[in-house]
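Dear colleague,

I am handing over a structure that you have not worked with before, and below it you will find what came out of a first reading. Please keep the sequence and the 3D view open beside this message as you go through it.

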Amino acid sequence: MSVQQNLERLGIRLPASTPPAAAFVQYVQTGNLLFVSGHIATKDGKAWVGQLGHQLTTEDGKAAARSVAIELMGTLKAAVGDLERISRIVKLMVLVNSAPHFTEQHLVANGASELLVQIFGAAGPHARAAFGVAQIPFGACVEIELLAELRA
Amino acid sequence: MSVQQNLERLGIRLPASTPPAAAFVQYVQTGNLLFVSGHIATKDGKAWVGQLGHQLTTEDGKAAARSVAIELMGTLKAAVGDLERISRIVKLMVLVNSAPHFTEQHLVANGASELLVQIFGAAGPHARAAFGVAQIPFGACVEIELLAELRA
Amino acid sequence: MSVQQNLERLGIRLPASTPPAAAFVQYVQTGNLLFVSGHIATKDGKAWVGQLGHQLTTEDGKAAARSVAIELMGTLKAAVGDLERISRIVKLMVLVNSAPHFTEQHLVANGASELLVQIFGAAGPHARAAFGVAQIPFGACVEIELLAELRA
């Protein structure tokens, strides 16, 4: 199955990538590596606000991480045109807005990791660091940065 | 305008890069990528101490991030000699020492991002992740890690 | 001295790399770069739980970081077979589970950095970012992500 077929099978429509208002960009390519900026979780077009262990449960966080993965794929598509050009999802950095006692950042991160494997198949499994941060811009619950490898 | 001319126009004199006391180095080059260590904000030669949302305002943090960008450029110059050899600022990771309710890490990070674009022009816009951390070495308010691409 | 001889001299036996249960992997190679997932500190086969500045001292944290470096070398060995194939430890990201007032993340990180230099010699000194995070999966005290360069 192609990446596009996997997206359709799961009923996922990729969003248009929104250029940030500031002096940075959503992605930079160097050689065949594509560095994608940290994307925050959004809901109904606004930041998905909350802290894991306070207002949000692990299941909420997992859903938020999955939604960030969809945003990231939208940016990947804007960067490369055809997602088949991506030969590997290399690495994720998954930041979880965490109350002091919340220790399930890895389960939250699985929301993104599992979707990427469903969509990219053998090119999907990636290295990962997931951890709890004190805050995230706009109070979002999850932020994810991605590194992808492109076909030569 | 050259990078050097941009620095002069803004009245910025780059500091000498200070080798760390420990078993790590300020930068490592691999291929044409230059990975630069996290640099903390300093003021008058000491750590610029404080937490955003407690002792420091967003404007303070933005000024601190700008000062870290100057330190990073000092290290880039030590690494490559002539800053024109840098073909792209690829990525920043901007860590903001944040009180639990502070959610303007992106505005703090702009202090570094905007200066890099002013100095490097078309080579300046970069991917970025900015987020709030629980603490930073020496209690500094901002720490920034940088990845640059060098001309072949 | 070879890497293997350095390990023997220090009495370090590398653990087998444990594949994670989730949809990510311990490492991904792209070109001659090896991106290694964040590894958490463990003790007696379980997460080494605690926060620096609360239950754990800087010396505890340094020992934990050293133990993570051993785990990381186990994964490097699983990835490349012969550790002599590693031409450079490029970068570490050292996450320290930190109480609000704890500011010695750099000293904790030295526990990993110093061991890598002892083992890899001239290939050991690396770029680094060390900072305090709000939490780490399973409540672990330290998590470290590594980037290595392989010989062509």
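Chains A and B touch through 25 residues from chain B and 22 residues from chain A, where two residues count as in contact if their C-beta atoms, placed from the backbone, lie within 7 Å. On the side of chain B that touches chain A, at least two residues each come from β5 (86-97), α3 (105-120) and β6 (127-133) of chain B; these labels follow DSSP runs numbered from the N terminus, with helices being H or I runs of at least four residues and strands being E runs of at least two. The largest share of that side, seven residues, is supplied by β6(B). Sorted by class, the side of chain B that touches chain A holds twelve nonpolar, eight polar and five charged residues, with Ala, Val, Leu, Ile, Met, Phe, Trp, Tyr, Cys and Pro counted as nonpolar, Asp, Glu, Lys and Arg as charged, and the others, Gly among them, as polar.

Before going further, please note that this is a predicted model, in which local features need pLDDT of at least 70 and side-chain atom pairs count only at pLDDT 80 or more, while totals for chains, interfaces and linings use all residues. Residues are numbered from 1 along each chain as its sequence is written, and chains are lettered from A and ligands numbered from 1 in the order in which they are written.

Chain A also meets chain C, and this contact takes 22 residues from chain C and 25 residues from chain A. Here β1 (27-30), β2 (33-40), β5 (86-97) and β7 (142-150) of chain C each give at least two residues to the side of chain C that touches chain A, and β2(C) gives the most, with four residues. That side of chain C divides into 15 nonpolar, five polar and two charged residues.

Within chain A, five strands form an open sheet of mixed pairing, in the order β1-β2-β7-β5-β6, and two strands are taken to pair if DSSP finds at least two bridges between them. At the edges stand β1 (27-30) and β6 (127-133) of chain A, each with a single partner strand, so one side of each is left without a neighbour in the sheet. Neighbouring strands of this sheet are turned by 15° against each other on average, direction ignored; axes are lines fitted to C-alpha atoms, for helices over the stretch in contact, and angles run from 0 to 180 degrees between N-to-C directions. Helix α2 (residues 58-80) of chain A lies across β1, β2, β5 and β7 of chain A, at about 40° to β7(A), whereas helix α3 (residues 105-120) of chain A lies across β5, β6 and β7 of chain A, at about 160° to β5(A).

In chain C, β5(C) runs antiparallel to β7(C), to which nine bridges join it, and C:Met93 stands opposite C:Glu145 in β7(C). With β6(C), strand β5(C) pairs in the parallel sense over seven bridges, and C:Lys91 stands opposite C:Ala127 in β6(C). Between β5(C) and β6(C) the chain passes through helix α3 (residues 105-120) of chain C in a right-handed β-α-β crossover, meaning that, with the strands pointing away from the viewer, the path from the first strand over the helix to the second runs clockwise. Eleven of the twelve residues of β5(C) are buried, so β5(C) is largely enclosed by the rest of the structure; a residue is buried if 20 or more other C-beta atoms lie within 10 Å of its own, exposed if 12 or fewer, and partly exposed in between, with C-beta atoms placed from the backbone.

Finally, two residues deserve a look for their backbone angles. Most residues other than glycine have a negative phi. B:Phe138, however, has a phi near 65°; B:Phe138 sits in the loop between β6 and β7 of chain B and counts as partly exposed, with 17 C-beta neighbours inside 10 Å. C:Asp44 likewise has a positive phi, near 55°, and lies in the loop between β3 (42-43) and β4 (46-47) of chain C, where C:Asp44 is exposed, with 5 other C-beta atoms within 10 Å.

With kind regards
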